[in-house]
Structure formats: C-alpha cells, structure tokens
Amino acid sequence: RPLEPVLRLANPQAPRSALESTLLEAAIVAARRDKTEIGYEEIDYAIDRITVGMVKQTGTSFPQRQRLGAYHEAGHAIMGALTPDYD
C-alpha cells in the first residue's frame, strides 16, 4: 500500500521533502531492527523522532539540566503563542 497518503494524514501541509525525511528515518529504524520492509510502527517512530526529537538517554537526571530544558521548551510554547497562525 502506498505510504504517502498515510503520511499526508499525519501532516497534510508537510512538504514532500519532509515526507521523504520521514521515510528515510523509518528505513533507518527498520534496518536497525533487522527488517527488510518499513512498517507502520517504524513510520510512527520516525514521525515522533522528527517532530519531537531523539530520545536522550543521558544527562536528563540532573536537576539543573531538567530546569534548563524546561525553560527551553517554555520558550517554544511562548513563541508559538505569540506567532499568528502558528497552528
């Protein structure tokens, strides 16, 4: 089944390059899992990774780092709230 319509449902305004990046990331994940085909699980993971970022395994247990990360994310939220038509 063609995957572009499925990806378009996830983000209808995404440019074609973003769809290609998502599929590339999904292919990398599939290869790491020793799969020969990209499945919906890999696409879902790729969408999360591209939109949210890579899961960090180290450095998040330090309170100062967590506080800095919270300020950083709050900055994104404030800019989104102040930007017209941000949705």
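Modeller: Ile78, Met79 and Leu82 make a nonpolar surface patch of about 340 Å². Patch residues have over 30% relative accessible area and no salt bridge, with nonpolar side chains (Val, Leu, Ile, Met, Phe, Trp, Tyr) joined within 5 Å and like charges within 9 Å. It's a predicted model, where local features need pLDDT of at least 70 and side-chain atom pairs 80 or more, while totals for chains, interfaces and linings use all residues. Residues are numbered from 1 along each chain as its sequence is written, and side-chain values use heavy atoms, leaving out hydrogens and water.

Colleague: Is Leu82 buried or exposed?

Modeller: Leu82 is exposed, at a relative accessible area of 62% (exposed is over 50%, buried under 20%, partly exposed in between, with a 1.4 Å probe and protein chains only).

Colleague: Switching topic, how many salt bridges are there?

Modeller: Four, each being a Lys or Arg side-chain nitrogen within 4 Å of an Asp or Glu carboxyl oxygen. One of them joins Glu25 and Arg49, at 3.1 Å from N to O. Glu25 sits in helix α2 and Arg49 in helix α3, so this pair ties together parts 24 residues apart in sequence. Helices here are DSSP runs (H or I, at least four residues), numbered from the N terminus.

Colleague: And which residue does Lys35 bridge to?

Modeller: Glu42, at 2.7 Å from N to O. Glu42 is buried at 1% relative accessibility.

Definitions and conventions:
Accessible areas come from the Shrake-Rupley method with a 1.4 Å probe; for residues, only the protein chains shown count as cover. Helices (H or I, at least four residues) and strands (E, at least two) are DSSP runs, numbered from the N terminus.
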